Amino acid sequence: MSNLSKLNVLMCGTGEYTTGWTGSGASKSDKKIGVVGLTMFDLRRLGKIGKLGMVGVNGDKFPAIRQHLQENIGNVYKDMDTSFKEFPDVGKVDPEAYKEAIDQMFPGDAIIIFTPDSTHYPISLYAIERGIHVLVTKPATQLLSHHSELIAAARKHNVICFVEHHKHFDPVYSDAKARAQTLGEFNFFNAWMSQPKSQLETFRAWAGKDSDISYYLSSHHIDICCWILQDKAIPTRVVASAATGIATGEPYNCDPQTEDTITLLVDWQSINSPTHKGVAVYTASWTAPLKAGIHSAQHWYYMGEKGDINVDQAHRGYDITVDEIGKTWYNPFYMKYSPSESGHFDGQRGYGYISIEKFIDAAREVNAGIAKPSDYDGHGYPTIANTVLTTAILNAGRISLDEKRAVSIRKNGDEWILE
Ligand SMILES: NC(=O)c1ccc[n+]([C@@H]2O[C@H](COP(=O)([O-])OP(=O)(O)OC[C@H]3O[C@@H](n4cnc5c(N)ncnc54)[C@H](O)[C@@H]3O)[C@@H](O)[C@H]2O)c1
């Protein structure tokens, strides 16, 4: 692999996930120094990455972001260069600066998109149409029709388009997926995922307006359930319900339409047995209690014909108690920030890092001509083609809430549609 060309990468979005820097200063979540930037800087140190760029909307944010990255990454880990080319320049505000940044790239370069949900589709499409490989965060798109368009565009332009569903690379989740295959027909799935109310302050600009908590959090476990059921069952009907009143009240004062907690109830039909039907319940909340000792609560239950699986991702038998803070459950399996013996970054085995590195490796392999983009669909990766039902369920859930009705999911020829 070491003879593959280095990949030039544009990071799109300069917020919590990319840099750990949010509109209100350094993130107070479990991503204080971000994930994408840190991973890119480390992969550049390790020889996989060439040029790095970063594009946001407001160029005036870059001096503070650079200082934050230097203090918390450059000065903490050995041999870590945190430099990158910025778009737009200081003094400019431009929500379409991504176009200028992409126009300066070449086919075979790559973009990693962590921007508000409604921008994923136009930015991904713009990049794909210029021959750029795309890694887009979840939810890939908000509309099923947009997801289908990205599948077609990626095929047409012969680029890889992955959705950054990092839970695929969590050793517990991927082991559970394999074990679920031995449990016969699917019967029941129940997932809960939440974040503390304080995140509403970080995401106030778009929470409830640009996207909802189901798109934001349930996308994770809907995707895992779709992955487990890939060749076993298909979703046929979605009904959604929501709880309200906390996000819209003091002190959060979110948009009047903001839901606190959303549940999607989904019917699944077995592919191999006409008599076997399953039920899934996906619930997500961003009004969970503060000081729970975890950032995201996340657990799920799977029941098959011959057995069941329980996963509690938030509590893994590793907790730390500090006098002033109380008890905290950490998850170094996701991002390990403590340095190695030599003082270098040491988180290369975390699934937050692995998920991005798999994309970088795939893009380099395609550029070298040793793999085709479609090969990764066959490998079961969270490619844009393999994740279409995740978007179908999320989009159906949104329609169900807005129109107060059940929504059907159906295949029309090669294309999935909602009715
Ligand atoms: N933060 C997390 O823990 C996390 C985890 C997984 C996925 N995500 C996903 O990441 C996305 C949001 O990223 P975040 O968490 O860093 O949020 P954030 O609000 O901290 O940052 C969003 C960034 O996108 C930028 N942006 C907005 N419009 C843009 C445009 N037109 N062009 C370029 N940049 C633009 C903003 O300037 C900001 O820097 C969401 O889709 C979310 O689902 C976040």
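Visitor: Leaving aside neighbours within four places in sequence, which residues is H165 in contact with?
Guide: H165 is in contact with K138, S219, D223, P382 and T387. Contact means heavy atoms within 4.5 Å. This is a predicted model, where local features need pLDDT of at least 70, side-chain atom pairs count only at pLDDT 80 or more, and totals for chains, interfaces and linings use all residues. Residues are numbered from 1 along each chain as its sequence is written, and side-chain values use heavy atoms, without hydrogens and water.

Visitor: Where is H165, and is it buried or exposed?
Guide: H165 sits in the loop between β8 (161-163) and α7 (171-180). Its relative accessibility is 3%, so H165 counts as buried. Buried means under 20% relative accessible area, exposed over 50%, partly exposed in between (1.4 Å probe, protein chains only). Helices (H or I, at least four residues) and strands (E, at least two) are DSSP runs numbered from the N terminus.

Visitor: K138 was on that list. What kind of peptide bond joins K138 and P139?
Guide: Start with the general idea. Most residues other than glycine have a negative phi, and most peptide bonds are trans. Here a cis bond joins K138 and P139, with omega about -15 degrees. P139 lies in the loop between β7 and α6. E250 and P251 are also joined by a cis bond, with omega about -5 degrees. P251 belongs to the loop between β10 (233-243) and β11 (261-270).

Visitor: Which residues other than glycine have a positive phi?
Guide: N158 is one of them, at about 55 degrees. N158 is placed in the loop between α6 and β8. K404 is another, with phi near 50 degrees. K404 lies in the loop between α12 and β17 (407-412). At 73% relative accessibility, K404 counts as exposed.

Visitor: How do I read a helix pair?
Guide: Two packed helices are described by the angle between their axes and the distance between the axes. Take α9 (residues 213-228) and α12 (residues 388-403): their axes come within 9 Å and cross at roughly 135 degrees. That makes α9 oblique to α12. Axes are lines fitted to C-alpha atoms, for helices over the stretch in contact, and angles run from 0 to 180 degrees between N-to-C directions. Under 35 degrees is roughly parallel, over 145 roughly antiparallel, 65 to 115 roughly perpendicular, and the rest oblique.

Visitor: Which residues of α9 and α12 meet?
Guide: From α9, S214, Y215, S219, I222, D223 and C226 meet L389, T390, I393, L394, N395 and R398 of α12.

Visitor: And aromatic pairs?
Guide: A pair of aromatic rings is described by the distance of the centres and the angle of the planes. The whole structure holds 22 such pairs. Rings of Phe, Tyr and Trp (its six-membered ring) pair if their centres lie within 6.5 Å; planes under 30 degrees apart are stacked, over 60 edge-to-face, the rest tilted. F62 and F84 form a tilted pair, 5.9 Å centre to centre, with 55 degrees between the planes. F62 is in helix α3 (residues 62-74) and F84 in the loop between α3 and β5 (85-87), so the pair ties together parts 22 residues apart in sequence. Y98 and Y126 are edge-to-face, at 5.8 Å centre to centre and 90 degrees between the planes. Both Y98 and Y126 are buried.

Visitor: How many of the nine residues of α5 are buried?
Guide: Eight of the nine, so α5 is largely enclosed by the rest of the structure. Among the buried residues of α5 are H120 and Y126. The cover over them includes β1 (7-12), α4 and β6 (110-113).
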